[in-house]
Every structure is written in C-alpha cells, then in structure tokens.
Amino acid sequence: MNKFLAIGIFALVVALGAFVFVAEPFSYMGTDATTCNNCHVMDAAYENWFHAPHEKVTECVDCHLPHDNLVNYWFEKGKTGMHDVVYFSAGLTPNLIRAKPEAQAIIQGNCIRCHKDTVESIVMGAQPFERHCWDCHRSVAHGQRGISLDSYQDSVIYPVK
C-alpha cells in the first residue's frame, strides 16, 4: 500500500473518531430534548418548553417529527438534522426562526394527534379550520416570543396583548 494512502486513511480514522467522541452523533438518534438544545439558538425554546406543561409529557420529536410511519419519521429527522447542522455551522441561522410550511403541517398534525379528543368538536365544527393551534395557544410550547435570537417581540407575527 502506498505510504501516503496509509497516512490518509489513518488521518481519516482519527478525524472520524474525534468527531464521534466530541460531537456524540449517536445521541441525535434519540429523543432527549437536551440533545436538541446543544445549539445555543435553541436555548430559549428549550427553557420555555422545560417550564411549560408539555415538558412532563413530550420531547421535541413528539411535536416536530411525523409519527405516521417509521420511514417518514427517520427521513424527516435526518433532513431536519442536516439542515440544522449546515445552518448553525455556517452561521446562516436567522434571528427569527420560523417553521416552514411543511414543518407547520407536521406540528399541526401532532397537536391534533395528541389532543384528538379535545379538538374533535373543533375540527368537526362549522367554523373554518384555517388556523394553527399555536395561533391561539402561543405560549404552550415555546413561550410568547416563539424561537428568536432577537431581544424584541416580533409584534407582527406575535401581537403584544
């Protein structure tokens, strides 16, 4: 074997070993909410969740990942995780973090899935069902401001009461 190839393979093994040791990538395969809080931009979201009623019965994945089947769950977990790694590592994280429409659909579906007995009369009622649960229940999971790195209230999206 070529000496340079052997050195390259050795360096790759050492680098991957260091990555596994430092980044603990296998922890991201679990559901522990403290893992989601590894990035500082999630501090406020984690703190608000930790002090809210949902902390007793949910983890981040319960709301933010689909639960219709394992393939969708793991696909979305990988896709979302890689998006977060790229954005956080490259410094592309916006000050006002907002769920994309696809993520909003997943979250809304999970609200209804977990609270189906409570919301059955709402979703089956005569009123139009065009709003998200968090339009009224703003502070349930992440507090009044949602997820934000800014020190101000985003009053356009979250009206001050």
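Student: Which side chain meets Glu55 in a salt bridge, and at what N to O distance?
Tutor: The side chain of Glu55 meets that of Lys56, at 3.3 Å from N to O; a salt bridge here is a side-chain nitrogen of Lys or Arg within 4 Å of a carboxyl oxygen of Asp or Glu. Please keep in mind that this is a predicted model, in which local features need pLDDT of at least 70 and side-chain atom pairs count only at pLDDT 80 or more, whereas totals for chains, interfaces and linings use all residues. Residues are numbered from 1 along each chain as its sequence is written, and side-chain values use heavy atoms, with hydrogens and water left out.

Student: Are Glu55 and Lys56 buried, partly exposed or exposed?
Tutor: Glu55 is partly exposed, at 22% relative accessibility, while Lys56 is exposed, at 66%. The classes are buried for under 20% relative accessible area, exposed for over 50% and partly exposed in between, with a 1.4 Å probe and protein chains only.

Student: How many salt bridges does the structure hold?
Tutor: The structure holds 3 salt bridges. Besides the Glu55 and Lys56 pair, Glu76 bridges to Lys79 with the closest N and O atoms 3.5 Å apart, and Glu102 bridges to Lys79 with the closest N and O atoms 2.4 Å apart.

Student: What else does α6 have, say around Asn110?
Tutor: Asn110 lies in α6, which spans residues 101–114, and is buried at 6% relative accessibility. The side chain of Asn110 reaches the backbone oxygen of Cys63 at 2.9 Å, where a polar contact is a pair of N or O atoms within 3.5 Å; within protein, one atom must be able to donate a hydrogen and the other to accept it, and residues adjacent in sequence count only if both atoms are side-chain atoms.

Student: Switching to α3, which of its residues are buried?
Tutor: In α3, residues 43–50, the buried residues are Ala45, Tyr46 and Trp49. Seen down the axis of α3, these buried residues fall within an arc of 95 degrees, so they line one face of the helix; the arc is taken over the directions from the helix axis to the C-beta atoms.

Student: How do the rings of Tyr46 and Trp49 pair up?
Tutor: The count of aromatic pairs comes to 4. Among them, Tyr46 and Trp49 form a tilted pair, 5.5 Å centre to centre with 45 degrees between the planes. Rings of Phe, Tyr and Trp (its six-membered ring) pair if their centres lie within 6.5 Å, and planes under 30 degrees apart count as stacked, over 60 as edge-to-face and the rest as tilted. Tyr46 and Trp49 are 3 residues apart in α3, separated by about one helical turn; Tyr46 has a relative accessible area of 15% and Trp49 one of 9%.

Student: Which residues make the nonpolar surface patch?
Tutor: Phe19, Val20, Phe26, Met29, Leu70 and Trp74 make a nonpolar surface patch of about 670 Å², with areas from the Shrake-Rupley method using a 1.4 Å probe and, for residues, only the protein chains shown as cover. Patches are made of residues with over 30% relative accessible area and no salt bridge, like charges being joined within 9 Å and nonpolar side chains (Val, Leu, Ile, Met, Phe, Trp, Tyr) within 5 Å. Helices α1 (3–23) and α5 (70–89) each supply at least two residues of the patch, while Met29 lies in the loop between α1 and α2 (33–36).

Student: And how many helices and strands are there overall?
Tutor: The protein chain has 9 helices and 2 strands, and buried residues make up 21% of its 161 residues.

Terms used
Helix = DSSP H or I, 4+ residues; strand = E, 2+ residues; numbered from the N terminus.
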